[in-house]
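Reader: Please show me the model, and then account for the terms used to describe it.

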Amino acid sequence: MSANPHDHAAEEDHSGPIKNPKQLLLAVFFSFVIPIFAIIGLVYFVVSAAKPAGTNTTDSMTLGGMTEQSQSQALAARIQKIGAVEIRDANRELKSGEEVFKAQCTNCHTAGLVGAPKFGDAGAWGPRIKTGYEALLHSAMTGKGAMGAQSGGDFDDTEVARAVVYMANAGGASFPVPQKPAAAASAAEDTASAAK
């Protein structure tokens with residue numbers, strides 16, 4: 001029985017590029033070795049790029065091509081505080097509305113920048129005063145439009161309330177000046193005891 005040449009060609013079409021065990025071993029070896037060398041090359045490239053320029057590798061270099069000073073700075077940046085606690089004197093004298101206005105509010109309200117009502121302009125303050133003291137205070141505390149919360153300042157809530165009253169009263173309102181919460185409670189007690 002003679003072999004059909006067409007059968008041999010069909011068999012060749014269905015076989016892979018690896019014909020013997022030696023070729024198989026070489027294919028497996030190179031499929032692992034080449035990626036390993038590529039990874040080592042990439043690691044070397046990344047580590048060598050982290051080295052500070054112009055430093056002597058024998059005296060100032062440490063782990064990863066960084067000096068001790070740059071390692072300390074990097075460590076300090078990683079463990080920096082997220083928040084801070086500020087301790088204030090609870091018995092300190094609170095600022096007046098005028099003082100808070102001059103320290104924080106005057107930047108926009110004196111010139112009427114970005115839609116802020118000008119200080120003392122009854123026409124600009126009139127519609128705002130009609131909304132009431134609580135609405136004005138809420139806008140000052142949480143921010144409104146281009147004005148941030150407390151206008152970006154760092155004041156006690158009572159101090160912000162005093163600044164709101166100071167500006168509103170200059171624009172035609174007649175809001176009472178807010179007192180410190182403890183002082184307001186003792187003033188109410190004094191008024192109640194005087195009424196007896």
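Author: Accessible areas here come from the Shrake-Rupley method with a 1.4 Å probe, and for residues only the protein chains shown count as cover. By that method the protein chain has an accessible surface of about 14,500 Å², with 62% of it belonging to carbon and sulfur atoms. The model is predicted: local features need pLDDT of at least 70, side-chain atom pairs count only at pLDDT 80 or more, and totals for chains, interfaces and linings use all residues. Residues are numbered from 1 along each chain as its sequence is written, and side-chain values use heavy atoms, with hydrogens and water left out.

Reader: What makes up the secondary structure of the protein chain?

Author: Helices (H or I, at least four residues) and strands (E, at least two) are DSSP runs, numbered from the N terminus. The protein chain has eight helices and zero strands.

Reader: Why is Thr 158 called buried?

Author: Buried means under 20% relative accessible area, exposed over 50%, and partly exposed in between (1.4 Å probe, protein chains only). Thr 158 has 9% relative accessibility, so it counts as buried. Thr 158 lies in helix H7 (residues 157-170). Leaving aside residues up to four places away in sequence, Thr 158 touches Leu 94, Pro 178, Gln 179, Lys 180 and Pro 181, where contact means heavy atoms within 4.5 Å. Buried residues make up 19% of the 196 residues in the protein chain.
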